[in-house]
Amino acid sequence: MWSGKFGVVVACTVALISGVSWAQAKRELHYSVTSGAMVSIVNDYGPISVKPSAGNSVLINTNARSNKVEIDGNQNGNRIEVRTHYLQRVGPEEGQVDYEVQVPSNANLTVQSALGGITAEKLMGDITLEGDSSNVQVRDFTNAHLHVRTVNGPVFLTNVRNSHVDINSASGDVTLSSVTGPKVYVNTTKGQIKYTGDLAGGGDYAFTNHSGDIDVAIPASASVDVNARSVFGSVEDAFQFRPNSHMTFVPSQGKSFAGVSNSGGASLKLHSFTGKIKVHKQ
Amino acid sequence: MNCAEFQKVLPDMLEGAKDAAQEAHLRSCPACSELVADLNFITHEAKRLLPSYDPHPRVWEGIRAQLEREGLISEVPVTPHRMISFSHPAVPWLATAAAMLLLAFGGFLYRRDLVSGQNLARVGTAAPTLDRNRGVLTAQGPNSEDEQLVRQIAAENPSLRDTYEDNLRLVNAYISDAEQSVQQNPNDEEARQALIRAYDQKAMVYQMGLSRSME
Amino acid sequence: MAPGLSEAEAISRAQRGDADSFEILYGLHKRRVYSLCLRMTGNSAEAEDLTQEAFLQLYRKIGTFRGESAFSTWLHRMAVNVVLMHLRKKSLNQVSLDETLEPQQEDGPRKDLGVEDSSLAGSIDRVHLERAIESLPPGYRMIFVLHDVEGFEHNEIAEMIGCSIGNSKSQLHKARMKLRDLLKSSRAEKALKR
């Protein structure tokens, strides 16, 4: 009997603690903002997904895996800062917090993550996404100003139109699909750079790295002025551009080429030290 | 002399060979007189056409690049009264790139001082080690500042230690190759831009690492 | 660029491979060389390429310059040769002696229709002349630019192009006649539009 009552007490205590923990694990933060809000999310471990909200509000849903973390949220005027705070030293599993974030589509957003994935879609403001080893995925942006930085996290951009894009990754691979300027800059040390798209709109595109291949696939109808150089690697013009009469260097077979397709509307600069650069038709 | 005969000898006449018959025809024929006046006008105006077009700046860029490739130009020699030559074309670019890196390094060293309480004598660039072995692009070992950063990160985020250590080696190799490229081709705009990009990469790694180490 | 550097000093330093001096010399002469190339080819892209080539040849050979002629003359001649070689490669043939501008009537030059005749002087400015030069057939343009614009003599032109002095004179006359027609046509068109 005594063991039965004790068992019930233990069970209730466990349930109570679990309930409290569960209650603390999920948290919702809601902020009202005006146009041009600045939102900052810092979360080392755990995925962060960002989508547009309806109207001028910032909504953040978090789900922590342990009670060794807490979510700090502050609003100062039109500036929102939400950060995962670690109550003690934790590893990626215990410290994981999942974030689902909704911000006005024109909000200025900064997201920092060490090991979680970052996903952002349908935004158009000034966006900075930093993930040390995080997988960064961006979709369906228009007229945005996008900065992405990772140490070795791979970066994927899909359908980012008419935007200023600046991607830096030390060794993460960068994959761009249907991404158009006015400016699209990708710089990696070792990461592969792969672009598939039409370079529409006549923007400036520069894909550069130290090592790692650069692969560009564009349609035959693309209007582009290309300049490709690999200091110690190789280049391949599988697209078969027209020779460019205004070159600032003398092309070297297998090491560099310059050419024009159609009216040469977009500028495409490709540079690597040891990588293989290839431009070909889709 | 009729007009056809006159126009047949007109080229020589315009060169200065004129005789009485030609002059008489000119006085009596308004059409030929006007023709000669027009041709003289064209000749006179043509001589006054000044060179009035400047080529696009890319023309000079192309010339310079080709001259460097052919080894026809070199750096300005240091004159005796100047102890240090700042006229090397790459110096402004290296200075800019180094300044960016200094900013990131300075932030790291300042933070390190705050944490460790040490009083460092200087804030300086962490010169990456040069790889003299051309063509063998191995990642460079970290220098002392790099090692400090990695230790700092490891203290806060052990799971990121290897990531930062490996990538610092990679960016150091990038800087090394880019610096050598600029040294060999100081007027090559592309080489200078590549060096800036390499420094950008290192500054980025430092800035992100600093963020980690300050949490 | 080093201030106060004379052309002679720049030449001397360039002969020793000084990069800044190359740039000084380029700055001093680029306009004349480019304008020559542009007038002779009528095409800015070609003119840029030819300007580049002319200066490259200059710098490759600058060690051989001994000052027997003015540096600008030496460069000018080099630029002309570069352009002529280019035009030859394009299979540009000078207008043949058989080609005439217009059939000429016995009683005088052809009259322009619809516009009262008057001398070109006073109604044509240099802009019109430049445009008309651009519109000349390539062979006429080359001769006209070399003689009337650049000031080469017929014997020099004949040597450069590889024709006779008589041919050079004949071609020049035809070029001037063609220019006159172009300028009168242009003036007539403007008058009709008013």
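Predicted model: local features only at pLDDT ≥ 70, side-chain atom pairs only at ≥ 80, totals over all residues.
**Notebook: chains A, B and C**

I started with the interface: chain C puts 39 residues into its contact with chain B, and chain B puts in 39 residues. Next I asked which elements of chain C give two or more residues to the side that touches chain B. I got helix 2, helix 3, helix 5 (126-135), helix 6 (138-149) and helix 8 (165-193) of chain C. Helix 2 of chain C has the largest share of that side, with ten residues. I then sorted the side of chain C that touches chain B by class, and found 14 nonpolar, nine polar and 16 charged residues.

**Helices 2 and 3 of chain C**

Helix 2 of chain C had come up already, and I wanted to know how it sits against helix 3 of chain C. Helix 2 covers residues 19-41 and helix 3 covers residues 44-61; their axes come within 8 Å and cross at roughly 135°. Angles over 145 would count as roughly antiparallel and 65 to 115 as roughly perpendicular, so helix 2 and helix 3 of chain C go down as oblique to each other. Is the crossing left-handed or right-handed? I logged the crossing of helix 2 and helix 3 of chain C as right-handed.

From helix 2 of chain C they are Phe22(C), Tyr26(C), Lys30(C), Val33(C), Tyr34(C), Cys37(C), Leu38(C) and Thr41(C). Helix 3 of chain C answers with Ser44(C), Glu46(C), Ala47(C), Leu50(C), Thr51(C), Ala54(C), Phe55(C) and Tyr59(C). By class, the contact of helix 2 with helix 3 of chain C has eleven nonpolar, three polar and two charged residues.

**Chain B on its own**

Then over to the partner. I counted eight helices and zero strands in chain B, and along the sequence the pattern reads α-α-α-α-α-α-α-α. Chain B has 215 residues, and 35% of them are buried. I also checked sequence separation in chain B: of the contacts between residues at least 6 apart, 61% join residues at least 24 apart.

**The sheet in chain A**

Last stop, chain A. Here I found an open sheet of twelve strands with mixed pairing, in the order 1-4-7-3-9-11-13-15-17-19-25-21. Which strands are at the edges? They are strand 1 (26-32) and strand 21 (234-237) of chain A, each pairing on one side only. Ignoring direction, neighbouring strands of this sheet are turned by 10° against each other on average.

I zoomed in on one pair: strand 11 (residues 136-142) and strand 13 (residues 155-161) of chain A run parallel and are joined by six bridges. Val136(A) has Val155(A) as its bridge partner in strand 13 of chain A.

Notes
Residues numbered from 1 in each chain as written. Chains lettered and ligands numbered in written order. Helix = DSSP H or I, 4+ residues; strand = E, 2+ residues; numbered from the N terminus. Buried ≥ 20, exposed ≤ 12 C-beta atoms within 10 Å, placed from the backbone. Contact = placed C-beta atoms within 7 Å. Pairing = 2+ DSSP bridges. Axes fitted to C-alpha atoms, helices over the stretch in contact; angles between N-to-C directions. Parallel < 35°, antiparallel > 145°, perpendicular 65-115°, else oblique. Left-handed = near helix turned anticlockwise from the far one by under 90°. Nonpolar A, V, L, I, M, F, W, Y, C, P; charged D, E, K, R; others polar.
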